[in-house]
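Can you walk me through this protein, one region after another? I'm new to this, so please keep it friendly.

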Amino acid sequence: MLDSHQIIPAVRSLSLGEAGYLAATQALVISADKTIADMVQHLQGIHPSQIAESQLIVLVLPTAQGEKPIGVLTVSELAWAVATQRELATSALMSLARPPVTLPAQTNLQTAWDTFQAQKCAWLVLLEEQGVFAGVISRTALLEAVVERGGLAGQLSEPAPDSDYSPLICSQPVHGYWSAGLTHFLGQVGDGVAQVVNDGVWEWNLTTDRLVLSPRWKALLGYGPSELADEWATWEQRLIEEDRSTLNNLRQAVQVNQANCIQLIQRFEHRNQNIVHGLVRAVRHSAVNGEDIFWGVLTDISELARTQQELADILDSSIDGIAALRTIRNGAGQIVDFLWTAVNASAEMVLGRSRNQLLNRQLLDQVPLVRQDGLFEAYVRVVETGQAFSRSLRITQVDGRDAWLQLTAVKLGDGLTLTFRDVTQTKQAEQVLQETNQQLERRIEELKFRNREMALLSEMIDFLQVCVTVEEAYTAVADLVQALFPGCSGALFTLESTRVALEAVATWGPDPIGETLFYPDDCWALRRGRIHWAEHKHTGLLCRHAHPLGSQAESLCLPMMAQSETLGLLYLCTPQHDSLSAPKQQLARTVAEQVALAISNLRLRETLQQQSIRDPLTGLYNRRYLEEALEQAVCRARRDRSPIGAIILDIDHFKQFNDTFGHDAGDLVLQEVAQFLQSRIRGSDIACRYGGEEMTLILPGATLEETVQRAEVMCQELKYLSLRHGGQTLGAITASFGVASFPQHAVTVATLLQAADAALYQAKWAGRDRVVVAQS
């Protein structure tokens, strides 16, 4: 393995063929794994005279056959990197290198010339067999050979020490033969040969303040060698006005030793008034005679500038943000950061920074958030794996608006390109679609909930329709309303028979509802005749019958009306805010209407039923009901083997009341006797008006003895009933009683009534005002 300090001998003779072969120019051979700092340290240990003769650094990898070159860079490029690079200790030397242009070591002058012309390179690397490094040849050395040999067919000889005219650029001046070599070269190269040199050479002697411009320098601007004077005024006059201050500033920096290397692009005005973009590169060194020299070249990069401008225009015309980044690696070759190398106008807008704020600056310094977002690691993976990366990002722009970007990273060389596509409209459309879908889902859920409510409401209506009594309906409402209003407590109030107060007939829920008996004036809904919703934090609007549940609580009062008649009140309350929303209030309104209608229908049904089974004058059951109820009682008695007592009574001399006092008095007697009987029977007994002034009592479970005893008691107590009508006393009221018992006197309804009726007639024939038991 070559030592990293080893220098290939400056000149070594190669076997010459018929056309002649090139001799090698010396070069520094360095291991490819070194950093920039390593190289600077190595150069500090080499004698300046050796460095002055070494123009090229060749990076090699060791193999069994020898060192194979994998990259080259000039000492001037190294010096420029030293002057501008921040992280010398972590930046790999390989990051400055480019692939070498190679030729076999046995190469003749013509082949080398053709290769330089085709590749437009400054150096050729010569290789032995199996790709082992042999040496290098510079374009300057080639031109020297052309001059000295008088053509491409001449033979090369070993050049003199002062005949190497390639520049050395570094951060500190070194001794060498550059001034004499440049002067010798400019004097020897004729116009014909100079035309093959693409770069214009210039030299500034700071000691004498003399500026030398080569004919090629002048030709680049369209002038002959004698048409432009070798002075700074010529340079400045050829520059466009915007670039003149930069030239003056650089001259001042060089004169005060603040700059030892120069590299910049300047715009010159060509003779034909076109703009020539020139790359100006120069380096300070000391000549052998002690003079302070700045040596440089001017390279016409107009075509490249036009191409770059066209590319920049294309990039700037893109609505997508585009940027390019180059890796920054440490000594171990690991990526530690990226350098901004290109940014278009759209990217400036997206990133909120100008090109001047980004170009040649490190990514993490300018956009540190990429580390938090995980983008930096993603960029590293793109470079290391070559796989593209894409992600949607939400950013806040300079004007404060939120925007969505589709970020795409693609590997490009030892770096990557970033594309920022504004997908805000797409995202907004997606968001609108998502919100629409969410609204649709909510609507569907609301419809499902409404369908469930309608099903429960329909179920409640069905239950109310099949309820037989109002009391049964009250119980059903308590359970069904609770299912319709989960989380709510409530009560159902109806007007009592006197219609003075409302009484709770059904309650549900865990929370207290307040008063269970109150006057209509205590409720805002009943006073206003409309629904009343109240928040409990507003106590002045809360009904007096309601119980306060807290500041977040709500209550709802709904009058129940049917056919313009107030039947009662539906009351709901909840400690949770917004539980009684507008849809819930509408549902409660429907529930109240249905409950009121059901109660009204049940009451009407009960009225009709009572009218069909009760005597309208006395309020007692009629004969039709008597026969149906007695049939059921007989069936139960047969099943239970229990007795039934039957009493038929007839008011004595009832016709006299009608004849003497009028039919109203007779009706009064019937009503009072009916009330008398109702007050003397049990709840399971049945009192009926059998016909005319006859009335019947059915006593289920009563034996004959019990029936007779009760008949005797009523016969005696009836005499004490005193009635007045029209200011007159109606006199004493007596009745005749006939008693029969099931199954002792009969086994059917008809025979039982016949037996009691027969006993009644016997009592009348026996003188009335007595109790007679049927014959067995």
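Before we talk about strands, one term: two strands pair if DSSP finds at least two bridges between them. Keep in mind, too, that what you're looking at is a predicted model.

With that term in hand, go to strand E17, residues 489-495, which pairs with strand E18 in the antiparallel sense over six bridges. One of those spots is Leu 495, whose bridge partner in E18 is Leu 502. E18 also has two bridges to strand E19 (residues 517-518), and that pair runs antiparallel as well. Here Leu 502 turns up again, standing opposite Phe 518 in E19. What holds strands together in general? Strands of a sheet pair through backbone hydrogen bonds, either parallel or antiparallel.

Five strands make up an open sheet, in the order E13-E12-E16-E15-E14, with antiparallel pairing. Strands E13 (335-343) and E14 (389-396) are the edges: each has a single partner strand, so one side of each has no neighbour in the sheet. On average, neighbouring strands here are turned by 30° against each other, ignoring direction.

Next, let's look inside. The largest nonpolar core has 37 residues, and Phe 485, Leu 492, Val 591 and Val 595 have the most contacts inside it. Several elements each supply at least two residues of this core, including helix H17 (424-466), helix H18 (470-484), strand E18 (502-508) and helix H20 (582-613). Which residues does Phe 485 touch, leaving out those up to four places away in sequence? They are Leu 572, Lys 584, Leu 587, Ala 588 and Val 591. There's also a second, separate core, this one of 34 residues, with Leu 670, Ile 681, Ala 687 and Leu 704 among them.

Which residues of H21 are buried? They are Leu 626, Ala 629, Leu 630, Ala 633, Val 634 and Ala 637. These residues cover an arc of only 145° around the axis, so they sit on the same side of H21. Turn to the other side of H21, and you'll find Arg 624 and Arg 639 exposed. The cover over the buried residues of H21 includes strand E23 (644-651), strand E24 (686-691) and helix H25 (749-765).

Most residues other than glycine have a negative phi, and most peptide bonds are trans. Against that background, look at Gln 273, whose phi is near 75°, a positive value in a residue other than glycine. Gln 273 is in the loop between strands E9 (261-269) and E10 (275-286). Exposed means over 50% relative accessible area, and Gln 273 has 63%, so it counts as exposed. Asp 578 has a positive phi too, near 65°, and is found in the loop between E22 and H20. As for the peptide bonds, the one from Phe 742 to Pro 743 is cis, with omega near 5°. You'll find Pro 743 in the loop between E28 and H25.

Methods:
Residues are numbered from 1 along each chain as its sequence is written. This is a predicted model: local features need pLDDT of at least 70, side-chain atom pairs count only at pLDDT 80 or more; totals for chains, interfaces and linings use all residues. Side-chain values use heavy atoms; hydrogens and water are left out. A nonpolar core is a set of buried Ala, Val, Leu, Ile, Met, Phe, Trp, Tyr and Cys residues joined through side-chain atoms within 4.5 Å. Buried means under 20% relative accessible area, exposed over 50%, partly exposed in between (1.4 Å probe, protein chains only). Helices (H or I, at least four residues) and strands (E, at least two) are DSSP runs, numbered from the N terminus. Contact means heavy atoms within 4.5 Å. Axes are lines fitted to C-alpha atoms, for helices over the stretch in contact, and angles run from 0 to 180 degrees between N-to-C directions. The arc is that of the directions from the helix axis to the C-beta atoms.
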